[in-house]
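Subject: Structure handover and notes

Dear colleague,

I am passing on the structure we spoke about, and the notes below go through what was found in it. Please keep the model open while you read, so that you can follow each part in turn.

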Amino acid sequence: MSSTVVSSVYVVCSDAAGIAGSNIFAFVLFLSPIPTFRRIIRNESTEMFSGMPYIYALLNCLICLWYGMPLVSPGIILVATVNSIGAIFQLIYISVFVVYAEKPMKLKMLGLLISVFATFASTVFVSMRFLDSPSRQLFVGYLSVASLISMFASPLIIIKLVIKTRSVEYMPLSLSLATFLMSLAFFVYGMFKHDAFIYVPNGIGTGLGTLQLALYAYFNDASQEELKHPLIDP
């Protein structure tokens with residue numbers, strides 16, 4: 001009787017972590033770039049914002065979508081559904097970025113977008129054509145780990161600019177916070193499911209998210225401190 005109760009509690013906790021990660025925090029993550037893109041549209045310029053986080057996010061959503069499909073990993077359909085929605089959001093963001101980017105950046109983003117779809121198509125083809133079910137899950141699982149870590153690390157690209165300007169203007173807090181919360185929820189979900197391909201990259205993502213939040217807090221406080229000292233005309 002006690003083992004049944006423990007099992008029931010375990011399932012409830014697992015589902016709760018999955019719902020939190022795949023519905024609540026993931027949706028917050030997908031919506032978090034909206035203020036940035038409202039600014040881009042209003043100013044009709046991408047300014048110094050980077051489009052790379054959205055390229056990495058799209059690749060990650062597509063790979064993880066495939067990993068969560070029953071043909072690859074039965075029993076974790078939540079992973080597939082949330083990443084299908086995420087892929088749509090990333091495509092919208094990339095489209096807006098391309099419209100308002102300068103020509104060299106526009107061409108670069110289009111080239112990267114083609115590379116993302118080519119990589120995804122190759123992954124699906126190879127995994128279905130040449131691999132049996134267990135090998136398919138391992139192959140796509142390792143790719144999902146790599147893509148997740150790349151997505152979580154992509155906001156760190158802007159750190160050089162943050163350090164140089166001592167400003168967090170181009171490192172949105174909403175994106176860093178949402179990334180941290182979603183990776184933490186999926187880390188817990190992966191632990192309950194005993195799936196290393198979920199909890200390992202999301203554990204790394206939790207650490208990287210913590211680093212981003214710490215950097216934001218440090219440089220935001222530094223910039224606020226500088227604003228307290230008025231400029232003196234000698």
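This is a predicted model: local features need pLDDT of at least 70, side-chain atom pairs count only at pLDDT 80 or more; totals for chains, interfaces and linings use all residues.

The overall picture

The secondary structure of the protein chain comes to nine helices and zero strands, and reading along the sequence gives the pattern α-α-α-α-α-α-α-α-α. Of the 234 residues in the protein chain, 43% are buried. If you take the contacts between residues at least 6 apart in sequence, 76% of them join residues at least 24 apart.

How helices pack

Two packed helices are described by the angle between their axes and the distance between the axes. The axes of H2 and helix H4 (residues 77–100) cross at roughly 25° and come within 10 Å. Angles under 35 degrees count as roughly parallel, and H2 and H4 are therefore roughly parallel to each other. The crossing in which H2 passes H4 is left-handed, and the contact is made by Ile34, Phe37, Ile40 and Ile41 on the H2 side and by Tyr93, Val96, Phe97 and Tyr100 on the H4 side.

How do H3 and H4 pack? Their axes are 8 Å apart and the angle is about 155°, which makes H3 roughly antiparallel to H4, because angles over 145 degrees are counted in that way. H3 also passes H4 in a left-handed crossing. The residues of H3 that meet H4 include Tyr54, Leu58, Asn60 and Cys64, and those on the H4 side include Ala80, Asn83, Gly86 and Tyr93.

Aromatic rings

A pair of aromatic rings is described by the distance of the centres and the angle of the planes. Rings of Phe, Tyr and Trp are paired if their centres lie within 6.5 Å, and by this rule the count comes to nine aromatic pairs. One of these is the edge-to-face pair of Phe37 and Tyr54, with 5.1 Å from centre to centre and 70° between the planes. Phe37 lies in helix H2 (residues 34–43) and Tyr54 in helix H3 (residues 52–68), so this pair ties together parts that are 17 residues apart in sequence. Both Phe37 and Tyr54 are buried.

Phe125 and Phe130 form another edge-to-face pair, at 5.9 Å centre to centre and with 85° between the planes. Here Phe125 counts as partly exposed, at 49% relative accessibility, while Phe130 is exposed, with a relative accessible area of 59%. Ring pairs also link Phe27, Phe30, Phe37, Tyr54, Phe89 and Tyr93 into a cluster.

Ser183 is found in helix H8 (residues 173–193). Is Ser183 buried or exposed? Its relative accessible area is 0%, so Ser183 is buried. The side chain of Ser183 reaches the backbone oxygen of Phe180 at 3.0 Å, and, leaving aside neighbours within four places in sequence, Ser183 is in contact with Phe152, Asn202, Gly205 and Thr206.

Ser144, in helix H6 (residues 133–153), is buried as well, with a relative accessible area of 1%. A polar atom of the Ser144 side chain lies 2.6 Å from the backbone oxygen of Gly141. With neighbours within four places in sequence again left aside, Ser144 is in contact with Asn60, Ile63, Cys64, Tyr67 and Phe197.

A loop residue and a helix residue

Met171 has its place in the loop between helix H7 (159–165) and H8, and at 2% relative accessibility Met171 counts as buried. Met171 and Ile158 are 13 residues apart along the chain, and their C-alpha atoms are separated by 6.8 Å. Apart from neighbours within four places in sequence, the contacts of Met171 are Ile158, Val162, Ser176, Gln212, Leu215 and Tyr216.

Lastly, Asn220 is found in helix H9 (residues 196–227) and is partly exposed, with a relative accessible area of 24%. Asn220 and Glu169 are 51 residues apart in sequence, and the distance between them in space is 8.9 Å, C-alpha to C-alpha.

Technical notes
Residues are numbered from 1 along each chain as its sequence is written. Side-chain values use heavy atoms; hydrogens and water are left out. Helices (H or I, at least four residues) and strands (E, at least two) are DSSP runs, numbered from the N terminus. Buried means under 20% relative accessible area, exposed over 50%, partly exposed in between (1.4 Å probe, protein chains only). Rings of Phe, Tyr and Trp (its six-membered ring) pair if their centres lie within 6.5 Å; planes under 30 degrees apart count as stacked, over 60 as edge-to-face and the rest as tilted. A polar contact is a pair of N or O atoms within 3.5 Å; within protein, one must be able to donate a hydrogen and the other to accept it, and residues adjacent in sequence count only if both atoms are side-chain atoms. Contact means heavy atoms within 4.5 Å. Axes are lines fitted to C-alpha atoms, for helices over the stretch in contact, and angles run from 0 to 180 degrees between N-to-C directions. Angles under 35 degrees count as roughly parallel, over 145 as roughly antiparallel, 65 to 115 as roughly perpendicular and the rest as oblique. A crossing is left-handed if the near helix is turned anticlockwise from the far one by less than a right angle, and right-handed if clockwise.
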